[in-house]
Amino acid sequence: MKNKGLVIFFAVVFVLTCIYQLSFTWMARSFEAKAKTFATKNGVYDADKYRTYVDSLGRKPLLDIFIAKKDYFQCKDAELKLGLDLQGGMNVVLEVNKGEVVRTLAGPNSKDKDLNKAIEMAQSDYQKNGGDFIDIFVKNFKETAPTRTLLSLFSNKDNKRLTMSSSENEVISYLKNELNDKADNTRQVIEARLNAGNISQPTIQEMEGGRISVELPGVDNPKRIRTLLEQSARLEFWEVYGNNPKNRFEGYTRIYTPMNNAYAQKLKMNKGLNADDSAKLKTILAIADSTDRDSAKKAFDKEQTAKDSSKYPFAEAGLVPMQDNKGNIAESGVLAMAAKESITKINKMLEDEAVKKVLPKDVKFAWSAKAESEERPIYYLYALKSTKDEKAAMGSGEENIIADAFATNNQNTGQVEVSMSMTQTATRDWKNLTKKAAINNDFIAIVLDNKVFSAPRVNEEIPSGNSSISGSFSVEEATDLANVLKAGKLPAPANIVAEDVVGPTLGQESIRMGMNSMFVGFFVVLVLMLLYYNRGGAIATIAVFANLFFLIGILASYGAALTLPGIAGIVLTIGMAVDANVLIYERIKEELRKGMVLKTSVKQGFSAALSSIIDGNLTTLIAAIIMTFVGAGPVYGFAITLIIGIITSLFTSIFITRLLIERRLNKGKSVSFSNKFSENLLINANFDFITKRKRYYLLSASVIIIGFAVLISKGGLSTGIDFKGGYGYQMQLEKGVAAEAIKATLDKNLSGSSNEVKTIGTEGRYKIVTTYRINEANMSADSIEDDVIKALAPYKATKASILSSSEVGPTIAQNIRTKSMWVVIVSIIAIFIYIFIRFKNFGFSVGAIIALIHDVLMVFAIFALLDGIVPFALEIDQNFIGAILTIIGYSINDTVVIFDRIRENFTEYRSETDKGKLINIAINQTLSRTIMTSVTVFVVVLVLLLFGGAALKGFSLALLIGVVMGSYSTIFIASPIVLDLFKKDKSILK
């Protein structure tokens, strides 16, 4: 072998680098094991002791050599990272509220009717179809106001970026740039918040479309994280229509009483019956006897009169003013109070035009951030007083007004609060504001993200710029809020549009299943290679082990996280890595049968197999690279592992295997490439695959037609949550409960939702997907989770029942569907182009693509036939798309090997006119390799199906079908198609 020294050098460098990188993992895990031992006494684990051990010893060097000195925390950062599905944690995708960004950029025109209508239409279109939000907004604005220009909205005194001569394209470019800047600034603020909150190993990435991906391993409090990420931290200080003698109780006299009177007058003037009242009257008259109808009608009319003549409709709706012990209006910044269940109705009444007309123009209503207490779930309503430009007295600008903030205990009450000190400019404004309020002992409301935390009375001017926020905080809540305030407000509102939460129990289970599948897969390959290739098989197994070592070492060096789909990629790499060795060994055996000596046979075997190895792996690599564009989810982890595995397997199979074989031969030792039973197996195979090709065409067509007929009759295969959007939960409930019963309960208790329930894995474990309130803006995942648990109360569901959860908004789902469709199309086109360039022949390209389309259709058809038969869910999701792309790569790998041999035969036997005969010979010549590779990969994927865990069942089954179909189509579809094309056009195979 040429350049043997260079190969050895690179191999040694690879080994040392991988050992160095993986040593950090070993040292970090060893340290953690000692910490856990220290923190465990009599079988009881103490988390505080664990943290004490880590804090006290974590900065001492674990590694101290001449090239590096690293402590525990540095080793932890450099260790092989585990994905959320293996260690538990949370993955969140946030999206900047694009409509609010556009509205803010309009400045003084933010309330323009045409602007807001266009934003509303754009948000609806964007949610349904995805795309570029600014382009969608511009289109809708032109339809809404065809005679107006964009410049009329966004060119104002506050905007120095646009002038009166700016073109429409410049305005559009300005909007897109601003939106991108807001997303970038939002990422920076979120990163600062997470770092301040001591969240370990966060991974934050900007995605396309103004989205931000945040991965947080080991997180066990999702509610806290949602608050940290979504809280805008827009801190404002408002003057208040409060109640005290100096302002003549203006909250009650100017706000509460007039709005009651106005709504009462409206009810009195509205003599007609609403829909609910009409329905009620019809019911009364229907059930009353003929003699009782008049009296029933009179009773109803009396009720309506009493209702219409109510003087205090807001009080009857549940909104009552604050009163002291004597029943008088209390001196307070609170206008009134109400129970949580009354708030929606009260808000609707406050928006009534009749009410708005009698209230001051500067009033704005806001509710308290928290209920009075858990025992008394009452919320307070405040009447805030805005400035002339309809803003807060302080804090409405873009600049941050807080210089420092920290959690502390109030000296008088002992309650936890957040103490704040303001910036120099804000201190001056605060001094002026408190000076004005102190004249009448008025109240100032401290408002965070439109929720009032407190409204203390101001008795004197405060020149120091100090203030505090109180609100029944826990120490952790107060600390987080202080950190959020210090990190600064989000430059634009950001909402969670997709979320995955995996509990630690499920993570440990995934690790166990993933490692089992990897070890069993490796053992199966070892046995198969030894049985079929004898000592050559043992050498190939060493190369596969080296491949695994390099793969995991590179993953650690690259900083990529090992996920459950990543383990699936490793398992598949084990099977596919064998293929290169099989190609080489089959070529060596051919040379030996020609009578060549072993050394020459080895040299010729490696040389002859190189073209097929490169072609096969490059086509799989193309599919894997395209797979990375599906997204940053499970498919991405699988694709990255597969890409690294392909590259390392090329190195180990071509160079390491040859190095080991030649080293043995140079020592005068022999290497056997077969056992007795495999020595002459399929040597003189002469099966007629070509003559009967139309039967195979008919067989494939029949299966596809039957499968798709079943598919249509079922209304299609169900789609995963990432394709349709919704909330997904993996839950452990009572054993022996039918999935249909759980679905019926959800349908009954979650109104207006579409629900799916499927059993997975162990008994009592279910996968639940619901679309409940998914299209409602700013809907809290915590609220949905609470409603689902409440709905499943008959099955004793609790928070602990949820092993993992996920959320995918409709916009994200649409984006994933579109992207998935395109990556499949692009991968097929890319492979067509590669085959055409490589073989310089249209016939080979067409044959390969028809075989690929055949394989994809067969997977769909067989999936449809097996749906409802196999004991696990079959869904179209990102994992399924990943399986399809892998099948495309594997199938074309198989096809290219035979095409290479066909091309070789055409070159060697140019005078042979019967091309069908040459094609048939090529298929038979490679039959041993085709079967051996297929069996190896099939068994490895079968291991994945059996041991890989519930999350990979559908993925593994699709791969299993694909492996069989890939081998079948290579022999019975792709090669015969090439011949049929030749018969129509003789120039195709020239």
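Predicted model: local features only at pLDDT ≥ 70, side-chain atom pairs only at ≥ 80, totals over all residues.
Trainee: How many bridges pair S21 with strand S24, and how many pair S21 with strand S23?

Mentor: S21 pairs with strand S24 (residues 802-808) in the antiparallel sense, and glycine 728 stands opposite serine 806 in S24. The pairing of S21 with strand S23 (residues 765-770) is antiparallel as well; there, methionine 731 has tyrosine 766 as its bridge partner, and glutamine 732 has arginine 765. The pairing with S24 runs over six bridges, and that with S23 over six bridges.

Trainee: How many residues of strand S21 are buried?

Mentor: A residue counts as buried when its relative accessible area is under 20%. Strand S21 (residues 726-732) is largely enclosed by the rest of the structure, because the buried residues number six of the seven.

Trainee: What is the order of the three strands that form an open sheet?

Mentor: The edge strands, S14 (402-409) and S18 (466-470), each pair on one side only. From one strand to the next the twist averages 25 degrees. The pairing is antiparallel, and the order is S14-S15-S18.

Trainee: Which residue in S18 is the bridge partner of serine 421?

Mentor: Strand S15 (residues 416-422) and S18 run antiparallel and are joined by five bridges. The partner of serine 421 in S18 is asparagine 466.

Trainee: At about what angle does helix H17 run to S15, and at about what angle does helix H18 run to S14?

Mentor: Helix H17 (residues 424-438) lies across S15 and S18, whereas helix H18 (residues 475-487) lies across S14, S15 and S18. The angle of H17 to S15 is about 105 degrees; that of H18 to S14 is about 175 degrees.

Trainee: Are H30 and H32 roughly parallel or antiparallel to each other?

Mentor: The axes of helix H30 (residues 878-908) and helix H32 (residues 927-947) come within 11 Å and cross at roughly 165 degrees. Tyr890, Asn893, Asp894, Val897 and Ile898 of H30 make the contact with Arg929, Thr930, Thr933, Ser934 and Val937 of H32; these residues divide into four nonpolar, four polar and two charged. The crossing is right-handed. Since angles over 145 degrees count as such, H30 and H32 are roughly antiparallel.

Trainee: At roughly what angle do the axes of helix H6 and helix H28 cross?

Mentor: The axes of helix H6 (residues 113-129) and helix H28 (residues 810-839) come within 6 Å, at a crossing that makes H6 oblique to H28. Tyr126, Gln127, Lys128 and Asn129 of H6 meet Pro810, Thr811 and Gln814 of H28, a contact of two nonpolar, four polar and one charged residues. The crossing angle is roughly 45 degrees.

Key. Residues numbered from 1 in each chain as written. Heavy atoms only, no water. Axes fitted to C-alpha atoms, helices over the stretch in contact; angles between N-to-C directions. Helix = DSSP H or I, 4+ residues; strand = E, 2+ residues; numbered from the N terminus. Parallel < 35°, antiparallel > 145°, perpendicular 65-115°, else oblique. Left-handed = near helix turned anticlockwise from the far one by under 90°. Contact = heavy atoms within 4.5 Å. Nonpolar A, V, L, I, M, F, W, Y, C, P; charged D, E, K, R; others polar. Pairing = 2+ DSSP bridges. Buried < 20%, exposed > 50% of the residue type's maximum accessible area, 1.4 Å probe, protein only.
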